[in-house]
Amino acid sequence: MFHTLFAEIQSLELGVLDDIVQRIGLNFIDLMVRQGNIDNPPKTPLVPGFECSGIVEALGDSVKGYEIGDRVMAFVNYNAWAEVVCTPVEFVYKIPDDMSFPEAAAFPMNFVTAYTMLFEIANLREGMSVLVHSAGGGVGQAVAQLCSTVPNVTVFGTASTFKHEAIKDSVTHLFDRNADYVQEVKRISAEGVDIVLDCLCGDNTGKGLSLLKPLGTYILYGSSNMVTGETKSFFSFAKSWWQVEKVNPIKLYEENKVIAGFSLLNLLFKQGRSGLIRGVVEKLIGLYNQKKIKPVVDSLWALEENTPIKKWGTELNRQFSIEESKMAERHTRKCSTSLAIREMQICSSAADQVARLACPRTMAKNGLVICILVASLLLDQTNSYPSRVKARKHSKRRVKEKDGDLKSQVEKLWREVNALKEMQALQTVCLRGTKVHKKCYLASEGLKHYHEANEDCISKGGTLVVPRNSDEINVLRDYSKKSLPGVNDFWLGINDMVTEGKFLDVHGFAVSFLNWDRAQPSGGKRENCVLFSQSAQGKWSDEACRSSKRYICEFIIP
């Protein structure tokens with residue numbers, strides 16, 4: 001799961017919906033963006049991600065049909081991997097009551113792509129046959145489920161062998177993607193298939209066209225053969241480009257075959273067909289409610305368990321200290337930027353950079369040969385200086401020694417910084433508030449809704465207060481009587497926005513100590529945040545997060 005961090009939204013445009021992100025979907029297109037394998041790649045730094053699910057936090061003035069607190073899923077043109085997403089209402093869809101946030105995050109891209117290709121483009125009907133590549137992927141599994149809603153549809157699938165056991169029951173015939181699947185398909189169906197869905201490109205284009213029956217449809221919706229390794233591969237691109245079947249329209253005319261392409265993101269964000277996609281989503285939700293389709297969630301990953309700083313360190317051949325990692329993660333979460341994307345340009349190989357500069361996007365065959373020669377010459381040069389290696393070894397040893405000294409100095413500085421932080425916290429917080437064990441509490445001076453209150457505490461170096469035992473409850477009661485006279489209740493850093501009834505603290509961890517008042521919590525899905533009540537002797541109640549309340553910040557003393 002992805003724990004939610006909150007950011008304050010200052011204003012909303014007309015027709016824009018503000019969505020607190022609970023889950024995000026990770027798709028192959030995100031990998032292609034990461035590697036630079038798309039046309040007109042966005043400028044860095046950027047926040048990746050194209051689909052997410054979450055809770056409506058705020059609405060533009062002209063938004064109709066949605067309310068604060070609604071559970072929704074959405075397409076976004078990048079920025080899905082953020083704490084809060086603002087997106088036009090035309091790209092937002094309500095989630096069925098029994099659909100979880102992880103399912104909703106895995107739903108839009110895969111199922112809308114599969115449905116549009118099968119029914120809007122290829123006109124799938126009873127008795128037809130479909131060949132889908134990457135049958136074990138998100139779109140492949142969506143295609144298999146949607147085909148099962150039509151009687152007597154035969155599904156041929158290709159996938160890596162290690163996926164066969166998991167997906168063998170979802171398709172009619174399953175083949176190894178590296179085997180001669182053309183002969184295998186023709187052995188079963190001599191005429192071929194009615195629909196080919198190709199996300200690979202390269203030589204699979206020609207194979208797919210050769211398998212089509214008369215009046216069959218080939219649809220290209222990706223080019224994963226161009227993606228290999230961790231960075232953009234010029235040679236993979238060149239190989240795939242070279243192997244693509246050169247389509248002859250006269251031949252298509254004579255053989256009565258149809259070739260098409262489909263890009264969901266272009267259709268949505270560049271070609272303005274959001275109305276068509278909304279109709280598709282409504283049909284898909286209908287199938288979900290009828291229990292005919294269901295998103296397959298393979299696994300959930302927590303951000304704190306898969307910190308990107310470790311991967312960046314590996315790519316940059318650098319070992320980050322604990323303090324550096326924490327600082328980078330705080331910066332990443334606060335700024336909502338993807339350092340991984342920013343580092344993408346640094347990690348590219350020298351040969352890749354030269355090839356990229358030397359080769360225009362539209363290549364002639366001769367130009368392709370020249371580019372390969374340039375890259376090969378560069379690689380030869382980089383490998384032709386063994387004498388330099390020896391000369392560098394001694395230098396590297398000296399650098400390592402200096403690095404060791406520098407590391408110890410940095411660690412010493414961090415200890416001094418932490419000591420200064422403690423002194424500053426004691427001076428600026430504890431002297432104005434109160435101290436209990438290794439915590440300090442400081443009351444607010446104004447009214448804010450839950451997210452604004454927590455952001456204000458974070459800006460001061462703390463978070464909304466989370467009492468962990470009855471002793472802290474008593475301290476808060478005494479302190480709030482003195483610092484918040486006449487105030488009946490104030491925010492605690494606890495909510496159940498992710499899962500109804502499962503209360504988490506502001507760090508996303510389950511709360512083990514609970515102090516509910518009688519008949520509380522009672523607000524259901526509309527009241528997801530927790531209040532500390534003075535009139536109820538420190539007992540808790542739930543409240544709508546958009547309510548304006550006083551609050552107390554909590555600071556951990558190092």
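**Talking through a predicted model**

Mentor: Let's start with two strands, E13 (residues 439-443) and E19, which run antiparallel and are joined by 5 bridges. Keep in mind that this is a predicted model.

Trainee: What makes E13 and E19 count as a pair?

Mentor: Two strands pair if at least two bridges are found between them. E13 and E19 have 5 bridges, so they meet that definition. Within this pairing, Leu442 has Cys553 in E19 as its bridge partner.

Trainee: Which way does strand E14 run against E19, parallel or antiparallel?

Mentor: Antiparallel: E14 (residues 463-464) is paired with E19 by 2 bridges. Here Thr463 faces Glu554 of E19. Strand E15 (residues 489-499), in turn, runs parallel to E19, again with 2 bridges, and Phe490 is opposite Arg550.

Trainee: Why is E19 called largely enclosed by the rest of the structure?

Mentor: A residue is buried when its relative accessible area is under 20%. In E19 (residues 550-556), 6 of the 7 residues pass that test, so the strand is largely enclosed.

Trainee: How many residues of helix H4 are buried?

Mentor: 9 of the 10 residues in H4 (residues 138-147) are buried, and the helix is mostly covered. Among the buried ones are Val139, Ala142, Leu146 and Cys147. Their cover includes helices H3, H5 and H11, along with strands E6, E7 and E9. For the protein as a whole, 47% of its 558 residues are buried.

Trainee: You mentioned H3 and H11. How do you know how they are oriented to each other?

Mentor: Compare the crossing angle with the cut-offs. The axes of H3 (residues 108-121) and H11 (residues 274-289) come within 10 Å and cross at roughly 100 degrees. Angles of 65 to 115 degrees count as roughly perpendicular, and H3 and H11 therefore get that description. Where they meet, H3 contributes residues including Phe111 and Tyr115, while H11 contributes Leu276 and Val280, among others.

Trainee: And what makes H6 and H7 roughly parallel or roughly perpendicular to each other?

Mentor: H6 (residues 181-188) and H7 (residues 204-211) pack at about 10 degrees, with axes 10 Å apart. Angles under 35 degrees count as roughly parallel, so that is the term for H6 and H7. Tyr181 and Val185 are among the H6 residues in this packing, and Lys207 and Leu211 are among those from H7.

Trainee: What is the order of strands in the open sheet?

Mentor: The 6 strands follow the order E8-E7-E6-E9-E10-E11, with parallel pairing. From one strand to the next, the twist averages 15 degrees. Inside the sheet, 3 bridges link E6 with E9, and Val132 is opposite Leu197. H6 lies across E6, E7, E8 and E9, at about 155 degrees to E8.

Trainee: What pLDDT does the protein average?

Mentor: The average is 76, and 69% of the residues score at least 70. Residues 228-243 fall below 50, though the model gives that stretch 42 contacts beyond near neighbours in sequence. Residues 304-385 are also below 50, with 92 such contacts. Treat both stretches with care!

Notes. Residues are numbered from 1 along each chain as its sequence is written. This is a predicted model: local features need pLDDT of at least 70, side-chain atom pairs count only at pLDDT 80 or more; totals for chains, interfaces and linings use all residues. Side-chain values use heavy atoms; hydrogens and water are left out. pLDDT is the predictor's confidence in each residue, from 0 to 100. Contact means heavy atoms within 4.5 Å. Buried means under 20% relative accessible area, exposed over 50%, partly exposed in between (1.4 Å probe, protein chains only). Helices (H or I, at least four residues) and strands (E, at least two) are DSSP runs, numbered from the N terminus. Axes are lines fitted to C-alpha atoms, for helices over the stretch in contact, and angles run from 0 to 180 degrees between N-to-C directions. Angles under 35 degrees count as roughly parallel, over 145 as roughly antiparallel, 65 to 115 as roughly perpendicular and the rest as oblique.
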